[in-house]
Structures are given as C-alpha cells and as structure tokens.
Amino acid sequence: MSEDTDHPDLKSRNRPLREDMAYQLKVWRFERVGWYVLVLILVMALGGVFSRGLLSSRNVRSDDGKVGVEYEMFHRNGSTNSMKITLTERPNSPVELELAGQLLEGFSIETLQPEPLRSRSSAQGMKLWMQTDADGQATLYITLRGDAVGLFRSQITSSGTRSVRLVQFIFP
Amino acid sequence: MDSVLRAGAMYLALMVLFKIAGRRSLAELTTFDFVLLMMIGEATQQALLGDDFSITNGILVIVTLIAIDVGLSLLKQRSGWVSRLIDGEPTIIVENGKLLHRRLRHARLIEADVMEAARSSQGIERLEEIKFAIIERNGKISIIAKEN
C-alpha cells in the first residue's frame, strides 16, 4: 500500500487516549495482506490445489499404454475420492494388477468395483486379478479415503507391463 | 492426542482469520452476520470433532479450547505486547467534529457508520457535535459528545 505515513490524519494522538499509529498501520497492513492471501486461497481452491479440481485430477498411462490411472493428486484427510484403473491385455483372460508402495499406508480402500477374481498380499502392497473383456479391457474403480497426512508415492503395475507411478498428497 | 491438536489448530486458524477480517467485522451483529456466524460454527464443528463423536472427544476439545483461552488471557495480563497483539488498540476516527478520512479508509468505515453509532449511543445528529469517535478494541464505535 502506498501510504504517506506523514499525513496529519495518521499521526499518533495523545488525547483522549495515547495512540501508537505506527503499530495500528501495521495492523491495517496485515489486514490488507491477509485479504490478498484469502483471495489467493480461494483461487487455489477453485483450481483444485486442495483436491478435486483442474490441478488435482490426473490421468496417467504407463509407457506402453497398457495401464491407465485416473486419480486425484491432492486429497484431504477423512474424505473420499475415486481412482479408476484401466488395463489392456489379452481378451478374456485374467490379468494381474499390483498396488504397491505407500498407497495402502496413506489410504484405506472403501470400495473396490468390480470384485477382483482373487487377491492376495504382496511384499509391498497387494495383488489383484481381474478378468478382461472381449476387447482385452478391464477397469477397476476404487474409492480411497485419506487416513494419514503427507506425501505418498506408490506404483500400480500390471503383469509384464511398465508401472505407473503416482504421487499423492493428503492435506490434514 | 489429535483432539488437542485439532482444537489448537482450529483456534489458531480462526484467530488469524478474524484478525484478517478486522475488529469491525462482527462487532455490530446484523441478522445476516448472525447467520454467517452460525455457518462458520457448522463448518468448524466437523473439523473439530472429525469422525469421533464420543463424549471423551467432545470434552477433550472443549477442555483444549477453554485452556487456550484462559492461557491467553493470563498471558495478556502479564505482557502488554501479547495483549496488544491479540486485542489491538483503540483508534480515534473523529477529532473535534472532523473525520480522519485516512483512518476511516484503512478501517473500512464510512461516515454513516460513525453517525449511526453517534445517534444510537448519544442521540447526536450532526458530525460537528462529536468531540471524539473511537473504534474500541472490540470493534464498537464509542462517541464522546462536545460539551455545550
């Protein structure tokens, strides 16, 4: 704020009370800067920095294009978001999918649709087996609930393909 | 543990937000301000309690909030610096019947706000009859009339 603090209006008075205008001007400056910060937060929230928005929604594919993941990069503790995993493999055959890394440490899986053929734990996470359709496509819908706070790196791998790496952040 | 942290974080966040809003924001509570306050309360409640609706959690949150409040008032009593930081200081906005326009602008006030306070507290009709108008620490405008 361009303000001439020498203006007679902004000089400290001693009657009827002792003022400290230098301090009061700082308070007003704080209010003004705070207002800009609030607007910035609003714009960031609209953009999706705090989950669900343009900056948060990601769609990644593995190098060979066989694994695709749609997910939210930013989550909030206690709230749920969906993740969609698409796999391309041989038609009408079971396909292995591994959720590894810190995914299961930061999130709990609320729903898993459709039900996998079978599942088991693995060294780093869990393995699921899905059935592809006549076109060789399989899709898995997961609802994730953020349980922890912080940065979580995970990878999603399908049998014999390159993995997709995800970085997700959970806000408190 | 997280109940205390939640309550502490919310206390701090609300305090900073209301500092940014300025002391005038909720000083004269209009009907809409009251509704706004209730909405803020609703939004705060969820963050304070999370998904734990037990009596223990509720009491822990309340204990934390009151403890912080009492602690701060004790600190304010001992240190003038803390008191000034949290409560602010009164500011004169009318001096001998003249508005201090620069100050009004900073405080986001207009003449009508001053005259409203003058009418309701002192029955004053004109600006010239005001000796001093002061925004108090709680955001209310107090008026000292000129002696005739």
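What follows is a short exchange about a predicted model with chains A and B.

Biologist: What pLDDT does chain B average?

Modeller: In chain B, 100% of the residues score at least 70. The average pLDDT of chain B is 90.

Biologist: Helix H1 of chain A covers residues 21–47. What does it reach from its first C-alpha to its last?

Modeller: H1(A) has 27 residues. At 1.5 Å a residue, 39 Å is expected. The model comes close to that, with a reach of 39 Å.

Biologist: Which residue follows H1(A)?

Modeller: Look just past the end of the helix. The residue there has a positive phi, near 100 degrees. It is Gly48(A).

Biologist: Which residue of S4(A) is the bridge partner of Val69(A)?

Modeller: Strand S2 of chain A spans residues 67–72, and strand S4 of chain A spans residues 80–88. The two run antiparallel and are joined by 4 bridges. In S4(A), the partner of Val69(A) is Ile85(A).

Biologist: And which residue of S9(A) stands opposite Lys84(A)?

Modeller: S4(A) also pairs with strand S9, residues 137–146 of chain A. That pairing is antiparallel, over 9 bridges. Opposite Lys84(A) stands Tyr141(A).

Biologist: Now chain B. How many residues of its domain 2 are in contact with its domain 1?

Modeller: Domain 1 of chain B is residues 2–87, and domain 2 is residues 91–145. Their C-alpha centres are separated by 29 Å. Domain 1 gives 5 residues to the contact, and by class these are 1 nonpolar, 1 polar and 3 charged. From domain 2 of chain B, the count is 8 residues.

Biologist: Which spans of chain B does UniProt annotate as "transmembrane region"?

Modeller: The annotations come from an unreviewed entry. One span is 90% helix, with its end C-alpha atoms 27 Å apart. The other is 100% helix, with its ends 30 Å apart.

Biologist: How far apart are the end C-alpha atoms of residues 12–68 of chain B?

Modeller: The unreviewed UniProt entry annotates this stretch as "domain: YetF-like N-terminal transmembrane". The stretch is 75% helix and 0% strand. Its end C-alpha atoms are apart by 10 Å.

Biologist: Which strands are the edges of the sheet in chain B?

Modeller: The sheet is open, with 4 strands in the order S2-S1-S3-S4 and antiparallel pairing. S1(B) and S2(B) share 2 bridges, and Val94(B) is partnered there by Leu99(B). An edge strand pairs on one side only. Here the edges are S2(B), residues 98–99, and S4(B), residues 141–145.

Biologist: Which element gives the most to the side of chain B that touches chain A?

Modeller: The contact takes 18 residues from chain B and 17 residues from chain A. On the chain B side, strand S1 (91–95) and helix H5 (101–106) each give two or more residues. By class, that side divides into 6 nonpolar, 6 polar and 6 charged. The most, 4 residues, comes from H5(B).

Definitions and conventions:
Residues are numbered from 1 along each chain as its sequence is written. Chains are lettered from A and ligands numbered from 1 in the order in which they are written. This is a predicted model: local features need pLDDT of at least 70, side-chain atom pairs count only at pLDDT 80 or more; totals for chains, interfaces and linings use all residues. pLDDT is the predictor's confidence in each residue, from 0 to 100. Two residues are in contact if their C-beta atoms, placed from the backbone, lie within 7 Å. Ala, Val, Leu, Ile, Met, Phe, Trp, Tyr, Cys and Pro count as nonpolar, Asp, Glu, Lys and Arg as charged, and the others, Gly among them, as polar. UniProt positions are given in the numbering used here, feature names are shortened, and annotations may be inferred rather than shown by experiment. The expected span of a helix is 1.5 Å times one less than its number of residues. Two strands pair if DSSP finds at least two bridges between them. Domain bounds come from an automatic or database domain assignment.
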